[in-house]
Amino acid sequence: MKPSLAATTSSDPYVPGHGDLSFDVDHYLLELEYNVESNRLAGRATLTATARQDLDRFELDLYHLRVSKVTVDGAAPAKHAHQKNRLIIRPRSPIATGDSFTVSVAYAGSPRPMPGPDGDAGWEELADGVIVASQPHGAPSWFPCNDRPSDKATYEIETTTPSSYVVVANGVLESRRRRAGSTVWRHVETSPMATYLATIQIGRYEQAETDTAIPIRTVYPAGAGEVTIEMFARQAEMMALFVRRFGPYPFEAYTAVITEDELEIPLEAQGLSVFGSNFATSAWEHQRLIAHELAHQWFGNSLTLGHWRDIWLHEGFACYAEWLWSEESGGPTAHDQADRHWHLLEELPQDLVLGDPGPDLMFDDRLYKRGALLLHALRRTVGDDAFFQLLQAWTTRYAKGTVTTEQFVALAAERCGASVGELFDRWLRDVRLPELPAS
Ligand SMILES: [Zn+2]
């Protein structure tokens with residue numbers, strides 16, 4: 001191996017070894033064939049990309065699966081090497097800044113979750129099916145990609161599986177056609193999407209759909225029926241509340257997939273969320289998470305962080321959405337929730353900086369709560385009207401884009417006055433839990 005083909009780039013210190021900043025993928029075409037019984041995946045990924053600098057080489061992320069063929073603009077590259085989860089490609093001739101190019105990768109193998117600093121993520125076999133839950137680093141477990149959240153792209157996902165299974169993926173199901181004993185499911189996602197939010201779900205599923213303006217689908221294990229659907233029935237009210245508070249729902253539809261298996265935590269993907277069967281209860285602890293995952297469609301999936309240090313822009317907002325739902329559904333008010341959680345947090349170790357928590361604490365529950373408390377402190381400071389108008393301005397101005405904490409702070413200052421800067425400084429930078437302003 002020539003040293004010049006060693007992996008060199010890394011886009012984010014929170015997820016080291018992933019992503020390449022030298023190019024953007026604009027579109028992914030994923031053609032996948034999957035055998036559920038043997039967990040055998042054969043795929044071809046065709047990426048349409050644009051060079052952000054002159055390229056004599058570039059890198060894709062791909063974990064564990066074996067590459068059989070690579071082309072760049074239809075021709076074999078000068079060289080390619082797959083090592084340490086990176087597929088390093090040297091095209092025949094350099095690609096100039098701003099030029100677009102296509103890369104096609106044929107690959108196969110038995111996908112498995114990809115290990116990372118905060119545990120495994122990505123493709124995961126269920127008892128009889130598959131989930132893909134990639135936050136934050138699992139996308140390379142099923143397709144070659146430029147795995148950084150700041151590189152959003154559109155997708156076509158064509159999945160061929162035995163006809164006894166249902167496939168759910170991001171975007172719109174454009175067609176479903178039978179081929180011998182298999183079915184080809186073609187999903188198209190036309191809204192830009194971060195790699196970690198791309199997903200397919202495979203299982204023996206049935207589904208129910210609301211006739212609301214934004215269709216809400218509940219996909220559940222065949223035979224689980226009424227009781228399961230009922231536990232997710234309040235999603236329509238949650239949707240109505242969030243549209244009122246956060247602005248228009250950013251995508252065409254929303255799907256909640258409930259797996260037959262129990263899962264540790266629910267997970268968001270673009271346009272859909274995944275829950276284990278253990279979450280299908282009326283308990284507040286589960287209902288709050290159903291609201292939380294829905295809120296991620298605005299905060300995380302439409303407005304997506306460019307750097308993982310800004311994770312509070314996803315989790316703090318989704319947690320605050322839980323408190324809004326609590327109030328709306330007749331439970332404790334958002335004010336009561338905030339007061340209660342402030343006192344709970346005060347008793348816990350205060351070693352977390354909300355604005356840059358470090359990779360070990362990025363999914364710590366204290367970050368979720370502190371982020372929500374920051375929003376509540378802001379609401380108490382500027383008042384309800386200014387606060388909710390700010391949230392709507394935020395989701396409108398940066399819809400389907402990439403965001404930073406600095407942009408949110410700047411927008412808040414623009415709309416609510418520069419004096420909010422001090423509040424943000426305290427909440428984002430102090431290790432000690434700041435006081436909540438009096439209501
Ligand atoms: Zn979340």
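Trainee: Which residues of helix 5 are buried?

Mentor: Two conventions come first. Residues are numbered from 1 along each chain as its sequence is written. This is a predicted model, in which local features need pLDDT of at least 70 and side-chain atom pairs count only at pLDDT 80 or more, while totals for chains, interfaces and linings use all residues. Helices (H or I, at least four residues) and strands (E, at least two) are DSSP runs, numbered from the N terminus. A residue is buried if 20 or more other C-beta atoms lie within 10 Å of its own, exposed if 12 or fewer, and partly exposed in between, with C-beta atoms placed from the backbone. In helix 5, the buried residues are Ala334, Gln337, Ala338 and His341. They cover an arc of only 95° around the axis, which puts them on the same side of helix 5; the arc is that of the directions from the helix axis to the C-beta atoms.

Trainee: What covers the buried residues of helix 5?

Mentor: The cover includes helix 4 (312-328) and helix 6 (365-382), where contact requires C-beta atoms, placed from the backbone, within 7 Å.

Trainee: Is threonine 396 buried or exposed?

Mentor: Threonine 396 is exposed, with 11 other C-beta atoms within 10 Å. Threonine 396 belongs to helix 7 (residues 384-397). Its C-alpha atom is separated by 9.0 Å from that of phenylalanine 246, 150 residues apart along the chain.

Trainee: How many bridges join strand 12 and strand 13?

Mentor: Two strands pair if DSSP finds at least two bridges between them. Strand 12 (residues 172-179) pairs with strand 13 in the antiparallel sense over seven bridges.

Trainee: Which domains does the assignment give?

Mentor: Domain bounds come from an automatic or database domain assignment. For this chain, the assignment gives domain 1 (1-202), domain 2 (204-297) and domain 3 (304-429). The contact between domain 1 and domain 3 takes 12 residues from domain 1 and 11 residues from domain 3.

Definitions and conventions: Two residues are in contact if their C-beta atoms, placed from the backbone, lie within 7 Å.
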